[in-house]
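Colleague: I am new to this model and would be grateful for a close look at one part of it, the nonpolar core and the residues that can be described alongside it. Please define each term when it is first used.

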Amino acid sequence: MSTTGASADPLAALGSLPGVAESVESVRKAVDRVYGHRIMRRRSNAVTSEAALRGARGSAALSGADWALEEVRRRTDFSGDDEARVVGAALRLTAEAGQLLSIWRQSPLRVLARLHLVAAADKGAEVGRPRQAGEPVDEPLVELPLPDAAEVSGRLEGLSQLIIAGSSAPALVTAAVVHGELLALRPFASHNGLVARAAERIVLIGSGLDPKSVCPAEVGHAELGRAAYLAALDGYVSGTPEGMTAWIAHCGRAVELGVRESTAVCEALQRGAA
């Protein structure tokens, strides 16, 4: 995303694109409905915990580890193979995201570095910092052209400035841009998809749209499927109004499907079945 141009608030400008307001309103109504559920008044912590687990499962699925929910729930060791490590990384990121909300608005780059450190869970020289010139990127599921390290640095700084400056844009728009920009840049040597979805979660929670973290967009992204996810990302990368609108709408639909998931959890809790 270009952070230059006539608008002093480019995120707000995206919010005024034709079709975006409809997505924003649809998401707001969906979120309001689940927050109004009677279970949320008595057992919101249980819904939050279940949403975190299901969100982590969805994010891992998009990164190639499509495990059944019950397998994620019962497993305690995530060090065995590549898929297990992806699921473990997704679970760690989901847990960590809630600890970084207060830092995000002041230092988003610090938060992104921390997310990568948590996801990678090792002490390699490339962990916890943006990639440098010549360093490879292990992100096989996103096949877009890879920006060079200099472009990554400049665009990350621009994104950081937008977050710190604040915006009148709806939370959905900001979350979608953060998510899309990180996927487009792939700023780290690995785990970029997981980090991008964790950052989207942070924006949705920290903005006040989903303060209890019960609307796991990762669930929706996984349900919509990898092909639709990558096609929508192509729209974001194109930078056209139509492409940006399609990406924001896709992210909005993912949030709504996350709401549907948590509504089902609320209903199950109400019946005493979960």
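**The core and its surroundings**

Modeller: The largest nonpolar core has 82 residues, and the members that touch the most others are Trp104, Leu112, Leu115, Val178, Trp247 and Val255. Helix α10 (residues 171-185) gives the largest share of this core, 11 residues. A nonpolar core is here a set of buried Ala, Val, Leu, Ile, Met, Phe, Trp, Tyr and Cys residues joined through side-chain atoms within 4.5 Å. Buried means under 20% relative accessible area, exposed means over 50%, and partly exposed lies in between (1.4 Å probe, protein chains only). Helices (H or I, at least four residues) and strands (E, at least two) are DSSP runs numbered from the N terminus.

The model is predicted, and local features need pLDDT of at least 70, side-chain atom pairs count only at pLDDT 80 or more, and totals for chains, interfaces and linings use all residues. Residues are numbered from 1 along each chain as its sequence is written, and side-chain values use heavy atoms, with hydrogens and water left out.

Leaving aside residues up to four places away in sequence, Trp247 touches Ala176, Val177, His179, Gly180, Leu183, Tyr229, Ala232, Leu233 and Tyr236; contact means heavy atoms within 4.5 Å. Ring pairs also join Trp247 with Tyr229 and Tyr236 in a cluster.

The ring pairs follow one rule: rings of Phe, Tyr and Trp (its six-membered ring) pair if their centres lie within 6.5 Å, and planes under 30 degrees apart count as stacked, over 60 as edge-to-face and the rest as tilted. By this rule there are three aromatic pairs. One of them is stacked, because the rings of Trp67 and Phe78 have centres 6.3 Å apart and planes at 25°. Trp67 lies in the loop between α4 (44-62) and α5 (69-74), and Phe78 in the loop between α5 and α6 (82-97), so this pair ties together parts that are 11 residues apart in sequence. Trp67 is buried, with a relative accessible area of 10%, and Phe78 is buried as well, with 16%.

Tyr229 and Trp247 form a tilted pair, 6.1 Å centre to centre and with 50° between the planes. This pair links distant parts of the chain, since Tyr229 is in helix α13 (residues 226-238) and Trp247 in helix α14 (residues 241-271), 18 residues apart.

Val31 sits in helix α2 (residues 20-35) and counts as buried at 1% relative accessibility.

Ala89, Arg92, Leu93 and Glu96 in α6 meet Arg114, Leu115, Val118 and Ala119 in α8. By class, this contact has five nonpolar, no polar and three charged residues, where Ala, Val, Leu, Ile, Met, Phe, Trp, Tyr, Cys and Pro count as nonpolar, Asp, Glu, Lys and Arg as charged, and the others, Gly among them, as polar. α6 and helix α8 (residues 108-120) pack at about 145°, with axes 8 Å apart; axes are lines fitted to C-alpha atoms, for helices over the stretch in contact, and angles run from 0 to 180 degrees between N-to-C directions.

Two residues other than glycine have a positive phi: Ala121, near 55°, and Arg186, near 45°. Ala121 is in the loop between α8 and α9 and is exposed, with a relative accessible area of 51%. Arg186 is in the loop between α10 and α11 (192-206) and counts as buried at 3% relative accessibility. Arg186 is also one of the residues touched by Val137, which lies in the loop between α8 and α9 (149-165) and is partly exposed at 23%.
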